[in-house]
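The notes follow in the order in which I made them.

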Amino acid sequence: MSYPLANALLIWRLTLEHVQISAVSCLLAILTACPLGVLVSRVRWLAPPVLAAAGIFYTIPSVALFAILIPVLGLGVKPTVLALVLYSQLALIRNTAVGINEVDAALLQAAQGMGMTDAQILWRVEVPLAIPVIFAGVRTATVMAIGLASIAAYIGAGGLGVLIFQGISTGNTDQILTGAVAVSTLALLADATLSSMQRMLQWAMGVRA
Amino acid sequence: MNVLSYLLEHPTQVLALARAHLWISLLATGIATAVSVPLGIVVHRVRAVRAPALGMVNVGQAIPSLALLGLTLPLLGIGFTPALVAISVRALLPILLNTYAGLLSIPQHIIEAARGMGMTDAQILWRVELRLASPVIVAGIRTALVVSIGVATLAAYIGAGGLGDLIFQGIAMVDTPLLLAGAIPAAGLAFAVDGLFGILERQLVRPLG
């Protein structure tokens, strides 16, 4: 138990790094994937190729994807963020498209009948109703990003994975366990927080619909 | 970039690593299937187990793979066996979840019809429930296999062997051809296995109609 106490400051710094990398990646992933999800829900024939492309990144082993990006982007945060953004695309695009497609057609007709424009229907009807499903995708993507970010420590991205890799290579069990417990706690905390937010959103949307 | 020349100069090494990679992934998926299909049946049958079991699955899903390796190492050390255990644990969840979901999706009236025909509980399980749930279960096994190949790449760091060896060596030695000689075949292996399993899945599903 002496390791975490003696290195509290280091652990805190690595936790902040870890949160930063995961948060930036998730935000960038949402900014790219959600518009793509909307596009795919509008232009149906685009859905299979776009989802297949996102699935390709999802299938590549994470260590291999990090490695493939090194010759292009070097070591550090840049290839890490790109890899995390690529990984999150499938969960986010799929959930956005599914959420929007599941909106009741009767509601869309009612909105049209009320004289809403396409943009108004999208922002005021479809997106709000799809939010719980989109949010479930955000939750999956966030937990995945936190997990993958720990692996990225090996390519110099920092974060809590540093403790695990260092501990393994120097045979320091306390350090390994500290890193493993810290990163698992971070992932579970993020999952629990997002899942209660998701429930609140679902409840709020349920009341309005 | 002379990955190609590396591959051409060391074809037996890369092939041997690919074979080791495939072997540990298949073995882990086999173990995971043997454990989690019965577990999924229990979770579906015994109502009291459902909520706690599914809660544990959720927690398990959130724990990062690297943390899982970190937690296995102090218990089992470094090498093939601890890597196999960690990969198997990772592969358990998708199969367990899909077995449960597959059984849950069977309409109650079909079970009642089978009972009305005089089938015993065991017959209903084998001839009706598992038959009808098999496409979903097989999809879970496919996910587990792709996950296993990914985690096996990472587990090279704790002595699993396989293509991850080349990647970690290549990153540590800043040797781009070496890391690509691991990463590209690892990605190829994941695609090949996913594609082949997809074909198998369709073959399995069709005769059931």
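Confidence came next. I noted that this is a predicted model. Its scores are ipTM 0.87 and pTM 0.89. For chain B I read a mean pLDDT of 90, with 97% of its residues at 70 or more. I kept in mind that coordinates predicted with low pLDDT should not be read in detail.

Entry on the pair within chain B. I looked up the geometry of helix H2 (residues 11-45) and helix H7 (residues 121-155), both of chain B, and found an angle of about 140° with the axes 9 Å apart. H2(B) is therefore oblique to H7(B), because the antiparallel class takes only angles over 145.

Which residues of H2(B) and H7(B) meet? From H2(B) I listed B:His21, B:Ile24, B:Ser25, B:Ala28, B:Thr29, B:Ala32, B:Thr33 and B:Val37. Facing them from H7(B) I have B:Ile137, B:Ile141, B:Ala144, B:Leu145, B:Ser148, B:Ile149 and B:Ala152. Sorted by class, this contact of H2(B) with H7(B) holds ten nonpolar and five polar residues, and no charged ones.

Entry on the contact between the chains. I found 30 residues from chain A and 33 residues from chain B in it. On the side of chain A that touches chain B, the elements giving two or more residues are helix H4 (62-73), helix H7 (118-151), helix H8 (161-170) and helix H9 (173-208) of chain A. Of these I marked H9(A), which gives the most, with ten residues. I also sorted this side of chain A by class: 21 nonpolar, eight polar and one charged.

I took H4(A) with helix H8 (residues 164-172) of chain B; their axes come within 10 Å and cross at roughly 40°. That angle makes H4(A) oblique to H8(B). H4(A) passes H8(B) in a left-handed crossing.

For the contact itself I wrote down A:Val63, A:Ala64, A:Ala67 and A:Ile70 of H4(A), and B:Gly164, B:Ile167, B:Gly170 and B:Ile171 of H8(B). By class I get six nonpolar and two polar residues for H4(A) with H8(B), and no charged ones.

Note on methods: Residues are numbered from 1 along each chain as its sequence is written. Chains are lettered from A and ligands numbered from 1 in the order in which they are written. This is a predicted model: local features need pLDDT of at least 70, side-chain atom pairs count only at pLDDT 80 or more; totals for chains, interfaces and linings use all residues. Axes are lines fitted to C-alpha atoms, for helices over the stretch in contact, and angles run from 0 to 180 degrees between N-to-C directions. Helices (H or I, at least four residues) and strands (E, at least two) are DSSP runs, numbered from the N terminus. Angles under 35 degrees count as roughly parallel, over 145 as roughly antiparallel, 65 to 115 as roughly perpendicular and the rest as oblique. Two residues are in contact if their C-beta atoms, placed from the backbone, lie within 7 Å. Ala, Val, Leu, Ile, Met, Phe, Trp, Tyr, Cys and Pro count as nonpolar, Asp, Glu, Lys and Arg as charged, and the others, Gly among them, as polar. pLDDT is the predictor's confidence in each residue, from 0 to 100. A crossing is left-handed if the near helix is turned anticlockwise from the far one by less than a right angle, and right-handed if clockwise.
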